[in-house]
Amino acid sequence: NAEVVLGTIEEVVVALKWIKSTFLYVRVRRNPSRYLGNENTLVSEDYLDKKLQEMCLKDLEFLNEADLIKLNPNSRFISPTPLGRLMARFCISFPTMKKLISLKLHEH
């Protein structure tokens, strides 16, 4: 979410490239069984890329469903929402933000 708010990630393709520049990518490559639940520690780079892509897309969908980002299904363009900006500005975790959003909806 923070990367979307900062403008680092504006498209799904960029998100997938960005994730390869993170320490998560290094950790997954070194220990795929821990992060991917695969017993085989010798997996191909293509397999890792496919799994990371699935994880990334799933997380983008979660953020979209929580109204923290807007994910255009046709163009795959990603933009922040006011709630997403708030989350990034105050470093609020995703579970906490979801709880805050649910409280807001139930205050009536």
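Me: How do helix α3 and α5 pack, and at what angle?
Reply: In this predicted model, helix α3 (residues 23–30) packs on α5 at an angle of about 130°, with the two axes 11 Å apart. Axes are lines fitted to C-alpha atoms, for helices over the stretch in contact, and angles run from 0 to 180 degrees between N-to-C directions. Helices (H or I, at least four residues) and strands (E, at least two) are DSSP runs, numbered from the N terminus.

Me: What does that make α3 and α5 to each other?
Reply: They are therefore oblique to each other. Angles under 35 degrees count as roughly parallel, over 145 as roughly antiparallel, 65 to 115 as roughly perpendicular and the rest as oblique.

Me: Which residues of α3 and α5 meet?
Reply: Tyr 25, Val 28 and Arg 29 in α3 meet Glu 45, Leu 48, Asp 49 and Leu 52 in α5, where contact means heavy atoms within 4.5 Å. These contact residues divide into four nonpolar, no polar and three charged. Ala, Val, Leu, Ile, Met, Phe, Trp, Tyr, Cys and Pro count as nonpolar, Asp, Glu, Lys and Arg as charged, and the others, Gly among them, as polar.

Me: And α2 with α5, what is the angle there?
Reply: Helix α2 (residues 12–19) and helix α5 (residues 45–65) pack at about 125°, their axes being 10 Å apart. That makes α2 oblique to α5.

Me: Which residues are in that contact of α2 with α5?
Reply: From α2, Val 12, Ala 15, Leu 16 and Ile 19 meet Gln 53, Cys 56, Leu 57 and Leu 60 of α5. Seven of the residues in this contact are nonpolar, one is polar and none is charged.

Me: Changing topic: which residues lie nearest the centre of the largest pocket?
Reply: Asn 1, Trp 18, Cys 56, Asp 59 and Leu 63 do, out of 15 lining residues. On a 1 Å grid over the protein atoms alone, a pocket is an open set of points where a 1.4 Å probe fits, with protein on both sides within 12 Å along at least five of seven lines; lining residues have an atom within 4 Å of a point.

Me: Which element gives the largest share of that lining?
Reply: α5 does, with six residues. The lining residues divide into 12 nonpolar, one polar and two charged.

Technical notes: Residues numbered from 1 in each chain as written. Predicted model: local features only at pLDDT ≥ 70, side-chain atom pairs only at ≥ 80, totals over all residues. Heavy atoms only, no water.
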